[in-house]
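Biologist: I have just opened this structure and would like a guided tour. Could you take me through it step by step?

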Amino acid sequence: MGTMDIALNIKKIRESKGMTLDTLAKKADVTKGCLSQVENFRTMPSVTLLYKLAEALEVEPAALLAVPENNCRYIFTPKGGGEVIEREHPESHFVYHALAKGKNSKAMEPFLLDLPPRASRKSVVTNGEEFIYMLCGEVDFHLGNEAVSMRPGDSLYFDGEIPHYPENTGDFPAQLLVIYSINQ
């Protein structure tokens, strides 16, 4: 059971019930920001929070923890593959391609992240660590009050608790390999 599996279950159930983030947050007596962190797999929800969300969604807690049954020991994603996963800040036009969706009990979540020219988003924090490897384009990766200019072949490893965001400063698309290791 990975952070992404739980997050996608919560979001799917919330949306199937026609609830907004704000509505569910109020009903579960949590902040909208906390719920957004969970749904965007930036933090692993506590058992207490899972029970609150299950009650607010009127489902059994097990529904939030459900994972597709498979016993696969590996996931192969061909070039150009990877299911597109919707995350926060849709106005940024960032596109996340999940590279290991379907593998249960992951210790990390790998994605290809496509950033259109001049794309940016609001700063976020993640409850874990992140590794970024630049594949193409140019990106300024903001960490707190610092900016690291990244070009193809550059990598960056950091504590996700540092407020951060990427910004494509160029006129061409950029692509990054992003690996999250969420604290459980």
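Biologist: Is strand S3 mostly buried or exposed, and why is it described as largely enclosed?

Modeller: Strand S3 covers residues 109-115, and six of its seven residues are buried, so the rest of the structure largely encloses the strand. Buried means under 20% relative accessible area, exposed over 50%, and partly exposed in between, with a 1.4 Å probe and protein chains only. Helices (H or I, at least four residues) and strands (E, at least two) are DSSP runs numbered from the N terminus.

Biologist: What kind of model is this?

Modeller: This is a predicted model, in which local features need pLDDT of at least 70 and side-chain atom pairs count only at pLDDT 80 or more, while totals for chains, interfaces and linings use all residues. Residues are numbered from 1 along each chain as its sequence is written, and side-chain values use heavy atoms, with hydrogens and water left out.

Biologist: Which strands are joined to S3 by bridges?

Modeller: Strand S2 (residues 95-98) runs antiparallel to S3 and is joined to it by four bridges. Strand S9 (residues 174-182) is also antiparallel to S3, with seven bridges between them. Two strands pair if DSSP finds at least two bridges between them.

Biologist: Which residues are the bridge partners of leucine 113?

Modeller: Leucine 113 in S3 is the bridge partner of tyrosine 96, and in S9 its bridge partner is leucine 176.

Biologist: What is the strand order in the open sheet of three strands?

Modeller: The order is S6-S5-S8, with antiparallel pairing. Strand S6 (146-150) and strand S8 (164-168) stand at the edges with a single partner strand each, so one side of each has no neighbour in the sheet. Neighbouring strands are turned by 20 degrees against each other on average, direction ignored.

Biologist: How many bridges join S5 to S8?

Modeller: Five bridges join strand S5 (residues 139-143) to S8. In one of these strands, S8, asparagine 168 is the bridge partner of valine 139.

Biologist: Turning to helices, at what angle do H1 and H3 pack?

Modeller: Helix H1 (residues 3-16) and helix H3 (residues 32-39) pack at about 120 degrees, with their axes 8 Å apart. Axes are lines fitted to C-alpha atoms, for helices over the stretch in contact, and angles run from 0 to 180 degrees between N-to-C directions. The two helices are therefore oblique to each other; angles under 35 degrees count as roughly parallel, over 145 as roughly antiparallel, 65 to 115 as roughly perpendicular and the rest as oblique.

Biologist: Which residues meet there?

Modeller: Ala7, Ile10, Lys11 and Arg14 in H1 meet Leu35, Val38 and Glu39 in H3, where contact means heavy atoms within 4.5 Å.

Biologist: How many salt bridges are there?

Modeller: The count comes to seven, a salt bridge being a side-chain nitrogen of Lys or Arg within 4 Å of a carboxyl oxygen of Asp or Glu. Among them, glutamate 15 and arginine 14 meet at 3.9 Å, N to O. Arginine 14 is buried, at 7% relative accessible area, whereas glutamate 15 is partly exposed at 46%. Arg14, Glu15 and Glu39 are linked in a network of salt bridges.

Biologist: Where in the chain do glutamate 58 and lysine 27 lie?

Modeller: Their salt bridge has its closest N and O atoms 3.5 Å apart. The pair links distant parts of the chain, 31 residues apart: glutamate 58 lies in the loop between helix H4 (47-57) and helix H5 (61-65), and lysine 27 in helix H2. Glutamate 58 is exposed at 60%, whereas lysine 27 is partly exposed at 45%.
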